[in-house]
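Me: I have a structure open and would like to talk it through. Could we begin with the charged pairs and then move on to the rest?

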Amino acid sequence: MKVRPAMLLIENNHVLLMHYRYGETDVFGLPGGNPDKGETLNQTVIRELQEELGVEVEIGPVAFFGEVMMPESKEDVLHVLFLGQLIGGIPRLNPAETSALAVAWKPISELATLNLYPNVGRQIQSLFTSQNSPGYIGKIDQAFF
């Protein structure tokens, strides 16, 4: 199982997402990525957001984490979602570092209706309505595109 840290950046009740298109399907991903050898999860998130979006972030606590069990040919993924803040720059895609098509600020209220990777829209909504971190959420029900 590989680990993929990502960040929940929230401004004005909107979440920063990266917009991808797979075939005919629009998919929105939380910014983050795969750790390099010897890199901590915090360092990975900071690096990935700098490389892909040109922003500086401050890492907060872990919001929650859970697994996506992949089809046979791929490695399962443990997603670790951190809360954080944008402290420098304006999110803009760096095409040399990402295949995303656009940056999108989506309302928290719409997250459960999006094709989200990882598929944690309801958990994000719950986090901001209850103010309690769910911690470990177990297996994430993920559609594959």
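Predicted model: local features only at pLDDT ≥ 70, side-chain atom pairs only at ≥ 80, totals over all residues.

Me: Is Asp-26 buried, exposed or partly exposed?

Reply: Asp-26 has a relative accessible area of 31%, so it counts as partly exposed.

Me: Which other residue forms a salt bridge with Arg-21?

Reply: Arg-21 forms a salt bridge with Glu-24, and the closest N and O atoms are 3.6 Å apart. Glu-24 has 70% relative accessibility, so it counts as exposed.

Me: How many salt bridges does a search of the whole structure find?

Reply: The search finds 6 salt bridges. One of them is between the side chains of Asp-36 and Arg-47, at 3.4 Å from N to O. This pair links distant parts of the chain, 11 residues apart: Asp-36 is in the loop between strand 3 (25–29) and helix 1 (41–53), and Arg-47 is in helix 1.

Me: And how accessible are Asp-36 and Arg-47?

Reply: Asp-36 is partly exposed, with a relative accessible area of 43%. Arg-47 is at 16% relative accessibility, and because the limit for buried is under 20%, Arg-47 counts as buried.

Me: Which residues are joined into one network with Asp-36 and Arg-47?

Reply: Glu-39, Glu-48 and Glu-51 are joined with Asp-36 and Arg-47 into one network, through salt bridges that share partners.

Me: New topic: the fold. How many helices and strands are there, and in what order do the elements run?

Reply: The chain has 2 helices and 8 strands. From the N terminus on, the order is β-β-β-α-β-β-β-β-α-β.

Me: How does the radius of gyration of the chain compare with that of a compact globule?

Reply: For 145 residues, a compact globule would have a radius of gyration near 15 Å; the chain has 14 Å, which agrees. Along the principal axes, the C-alpha atoms fill a box of roughly 35 × 35 × 35 Å. Of the contacts with a separation of 6 or more, 68% are between residues 24 or more positions apart.

Me: What share of the residues counts as buried, and what does the largest nonpolar core consist of?

Reply: Of the 145 residues, 42% count as buried. The largest nonpolar core has 21 residues, and those with the most contacts inside it are Leu-8, Val-15, Leu-17, Leu-30, Phe-64 and Ile-124. Strand 1 (2–11), strand 2 (14–22), strand 4, strand 5 (77–88) and helix 2 (121–130) each supply at least two residues of this core. Strand 4 gives the most, with 3 residues.

Me: What is Leu-8 in contact with, leaving aside its neighbours within four places in sequence?

Reply: The contacts of Leu-8 include Val-15, Leu-30, Phe-64, Leu-81, Ile-124 and Leu-127.

Me: Finally, the surface. Which residues form a nonpolar patch there?

Reply: Val-62, Phe-65 and Tyr-136 form a nonpolar patch, with about 260 Å² of accessible area together. Val-62 lies in strand 4 (residues 56–68) and, at 35% relative accessibility, counts as partly exposed. The chain exposes about 7700 Å², of which carbon and sulfur atoms supply 48%.

Terms used. Residues numbered from 1 in each chain as written. Heavy atoms only, no water. Patch = residues over 30% accessible without salt bridge, like charges linked within 9 Å, V, L, I, M, F, W, Y side chains within 5 Å. Areas by Shrake-Rupley, 256 points an atom, 1.4 Å probe, with all protein chains shown as cover. Salt bridge = Lys/Arg side-chain N within 4 Å of Asp/Glu carboxyl O. Helix = DSSP H or I, 4+ residues; strand = E, 2+ residues; numbered from the N terminus. Buried < 20%, exposed > 50% of the residue type's maximum accessible area, 1.4 Å probe, protein only. Core = buried A, V, L, I, M, F, W, Y, C linked by side-chain atoms within 4.5 Å. Contact = heavy atoms within 4.5 Å. Rg over C-alpha atoms; globule rule 2.2 N^0.38 Å.
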